[in-house]
Amino acid sequence: MSELSAERLEREARVFTAALIGDEPSAYVIRQYAHGHMSLPLAPAAGFERVLLFVARGGPYWTRAADAYARLFARRAILRRKLTLLIAILESTSPSDAAFAPIRSFPAGTVLRLALAGTGAVVFTVAGLVVLGPLHLLSRLAAGRT
Amino acid sequence: MKILVVGSGPSGVHFAETVLGRGHEVLMLDVGHERPPPVAPDAPFDELKGRLGDPAAYLLGDDFQAVTLPGGTGEYYGLPPSKEFVLAPTKAWSVKEWGFSSLSSFARGGLAEAWTGGVYPYTDGELADFPIRYADLAPHYEEVARRIGVSGVVDDLAPWFPAHGHLQEPLRLDDHSERLLDRYARRRAALNAEGCYAGRSRLAVLTGEHEGRGACTYLGRCLWGCPHDALYTPSVTLSRLLAQPGFRYVPFSYVSHCTWDASRHVTGVSVLRSDGTEELVSADAVALAAGALSSARIMLESVRRASGEVLVLPGLMDNQQILIPFVNLGMLGRASDPRSYQYHQVCLGFASADPRHYLHAQLTTLKTAMAHPVIQSLPFDLVTGTQVFRLLRSALGVANVNLHDTRRADCTATLEPQASGPARLILTYHAAPDDAAQIAAATARVKAALRHLGCLVPPGMVHVRPKGASVHYAGLIPMGTNDGPLGATPEGKSREVEGLYFADGVTFPFLPAKNISFTLMANAVRVAEAALA
C-alpha cells in the first residue's frame, strides 16, 4: 500500500485522531488530512521515519509513545508533522475544535491535572524509549553499513 | 499642481489626503494587491468554524500554508491566509539579503493592512536624533487621530505616549488583560522603582461611530482581518480618497525610478508594466511613499539611470523584536472569552537613562489564535502538549518586545544590476556590537516585570525574531544630516532633486522602540504641508 493511498491516510487519520482527542474524525477531517499530504512535505518516509510511522499506526497508545520518543530524538520527524497537521485541521473544524478549548477548573485542580499530564508524558516517553530506542539504534547501524 | 504619490501605505494615503485637502490633484501609483472580501462578516470567531463550508481553507489556507510544522519559524502566530495579499510578491521586485529578512508589501494599504493597530507618538527624547521636535509632529498626530479614529486613555504611560486629542473611549478589556492591570495597580510602586510602567495600549480601533465606520463589535476576528474596518487600515483612507474628484488611483503600476531634467527638477516616474515595457508618467512633484526599502530602491535606480553610478546607502534600521511567552498564574483554570479584542490591550514601558532607549512591550493575550503553533513547540508529546495547552490556554500570553535601532555605516542598501530586467536590491545588516547584550538586558527586564505581574516565563521559549521581521524599516535617506550619498531636508524634501519628497520612514535618522505607523502617518501629513507651503 502506498504511503499516500487514500486507505492508508484514512486509517492514519482515525488512529491519530483517537490519540489526540479520543474521538472519531469526521469525513471532512479525513478529507482534509489527505489533502494536506498533497501540499505539505509529509512523504516519503525512509529509514527510522518508517519505523516511527509503523509503530504509531498501531493504535492510539502506540501513537503517543512514538511521538513522545520522536519529540526527544526526531523533533522534525514526519510523524510529528502529520500529527501537527491533524491538530491544525481538528482545531479549525467544529465540533472537534472543542477539544482545544480551555479547561475550566480551580487553580489547584489545574495544577493537579498538569501533574497528571506530566506523569503521562513520562510514562509514554519511557515506553517509547523501551520500544523505539533499540529499533532506532538498529536502523542507525543498518544505515551505517549501507 | 499635479502631485504623483508612489505607494498606498500609511504614508502615501495621508500625504495624498493632505494634498487633496488643499485643492491639488493627486495621481497615486501602486501595485495594489487587493484584500479579499470578508467571509460571513457578522459571525463571531467561535461560530465561524461551524458556519463556513470549508473552514480549514479559510483558517489554514488552500494549500495548508498557514500550518506551523515542527522545526518551522518559531513564531507563535503568523500571517493568516486572509491576509496573504499583504505579502503577495510582484514579479519585478527582487531582493538579496545578508543578516536581514525583510518583508515587502505591494498591497493596497501596504504592510499596515496587517498591523496590530498600535498608535504611539514619539517623544522629544526619542526624536533627539531627528531635526524636528515633538512640537513639530504634535498637530499632525492630532490630525491623523481625527482621521483614523483612536481609542485609549491617558495613564501611567502618558510620559512615553504623549496625549493627543480625538481619543475615543478605550476598548472593553478582556479578563486576562484586566487582571494584568489590576496586578500592576497593586505592584505599581515596586515596578515603577525598576523603571517599569504599565497601561492601556493606544489603538487605531473604534469604540464609537466614526465617519461611516462602526465601533468594534468584539467578534474576535482581529487576527483574520476586521470584517467591519473597526480596526483602521490605510485601505480605509484609500476608499475615502477614491470618492474625491481630484484623486486618481492607478493599480498594477510598479514604479521603476524617478526622472528629472538637466536642472535636477523632477519630471515624473517610469512605470514598469507587467509585459516588461516602461511608461513615463509626468508630474509637477513626486512623493515617494512606497515604504523605506522600496523608496530607497527607487532612488538607487533613479541615480543609476541618470548617471550610471550605483550608490551604497548606509543606515538601514529595523526594530529588533523579541517574543516572550508567559503564563499568568492568576488566570489558571479560568474561562477565556473569544468574543473580545484579540491584539494587545496592555503595554509595558521601560524607562532608560538615555530617553532614546525607552523599551516597549505589548502584551497580547492569546484567545482565538491557532493552538497548533504553540502545542507543537511545547517540550512534550503532542497529546500531552494539547492537554497542557488547554489547561493553560486562558493564562497564556506573549510579550512582544521592540528594541530601538540606530543608523550604522555597515547596514546598507545598494543595487545589483541584472542581465535583463530590473536591478536587484541588496540589503546588508550587521548587528550592533552590543546587540546580544541589549537583547539579554531587555529580556531580563521584561521577565522581571512579568514576574511582578504574577506571570511565569516558561524556560527555553523566548524567541528572538530575525532582523527585518518587525517590518519597521527606516534610515536610508536621512533627514537633516549629510550622512550618506542621498539625503533629505528636515521637511522631507530631497536634498538632490527639486520637487521630490520622501513621505515615508526612509528619512528617519533613528528608530525608537515603538510601532512606527502612527508617526509615519503624522510625518507624511507634515511633509505634505511643507511641500505645499
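1. Four bridges join strand β2 (residues 25–29) of chain B to β7(B), and the two run parallel. Within this pair, L27(B) has R248(B) of β7(B) as its bridge partner. Strands are said to pair if DSSP finds at least two bridges between them. Helices (H or I, at least four residues) and strands (E, at least two) are DSSP runs, numbered from the N terminus.

2. A word on the source. This is a predicted model, in which local features need pLDDT of at least 70, side-chain atom pairs count only at pLDDT 80 or more, and totals for chains, interfaces and linings use all residues. Residues are numbered from 1 along each chain as its sequence is written, while chains are lettered from A and ligands numbered from 1 in the order in which they are written.

3. Back to the sheet. Five strands of chain B form an open sheet in the order β7-β2-β1-β11-β24, with parallel pairing. β7 (247–250) and β24 of chain B are the edge strands, and each pairs on one side only. Neighbouring strands are turned by 20° against each other on average, direction ignored. Angles run from 0 to 180 degrees between N-to-C directions, and axes are lines fitted to C-alpha atoms, for helices over the stretch in contact.

4. Look at β11(B) next. Strand β1 (residues 2–6) of chain B pairs with β11(B) in the parallel sense over four bridges. Here V6(B) stands opposite L288(B). Three bridges join β11(B) to strand β24 (residues 500–502) of chain B, also in parallel. In β24(B), L288(B) has F502(B) as its bridge partner.

5. Which way do the residues of strand β11 (residues 285–288) of chain B point? A285(B) and A287(B) point one way, V286(B) and L288(B) the other way, and all are buried. A residue is buried if 20 or more other C-beta atoms lie within 10 Å of its own, exposed if 12 or fewer, and partly exposed in between; the C-beta atoms are placed from the backbone.

6. Now the core. The largest nonpolar core has 192 residues, and V6(B), V286(B) and A287(B) touch the most other members. Such a core is a set of buried Ala, Val, Leu, Ile, Met, Phe, Trp, Tyr and Cys residues joined through C-beta atoms within 7 Å. In soluble globular proteins, nonpolar side chains tend to be buried together. Leaving aside neighbours within four places in sequence, V286(B) has contacts that include L4(B), V6(B), C258(B) and L500(B). Contact means that the C-beta atoms of two residues, placed from the backbone, lie within 7 Å.

7. There is another open sheet in chain B. Four strands take the order β3-β20-β19-β12, and the pairing is mixed. β3 (95–98) and β12 (312–314) of chain B stand at the edges with a single partner strand each, so one side of each is left without a neighbour in the sheet. Strand β19 (residues 412–416) and strand β20 (residues 424–428) of chain B pair in the antiparallel sense over five bridges. T412(B) has T428(B) in β20(B) as its bridge partner. Helix α7 (residues 292–307) of chain B lies across β12, β19 and β20 of chain B, at about 50° to β19(B).

8. Is P121(B) buried or exposed? P121(B) counts as buried, because it has 24 C-beta neighbours inside 10 Å. P121(B) lies in the loop between β3 and α4 (134–148) of chain B. Beyond four places in sequence, its contacts include Y141(B), F161(B) and F518(B).

9. On to the interface. Here 41 residues of chain A are in contact with 34 residues of chain B. On the chain A side, α5(A) gives the largest share, 10 residues. By class, that side has 19 nonpolar, 11 polar and 11 charged residues. Ala, Val, Leu, Ile, Met, Phe, Trp, Tyr, Cys and Pro count as nonpolar, Asp, Glu, Lys and Arg as charged, and the others, Gly among them, as polar.

10. Last, helix packing in chain A. α1(A) and α5(A) pack at an angle of about 75°, with their axes 10 Å apart. These two helices are therefore roughly perpendicular to each other. Angles under 35 degrees count as roughly parallel, over 145 as roughly antiparallel, 65 to 115 as roughly perpendicular and the rest as oblique. The axes of α1(A) and α4(A) come within 8 Å and cross at roughly 75°. V15(A), F16(A), A18(A) and A19(A) in α1(A) meet P60(A), T63(A) and R64(A) in α4(A).
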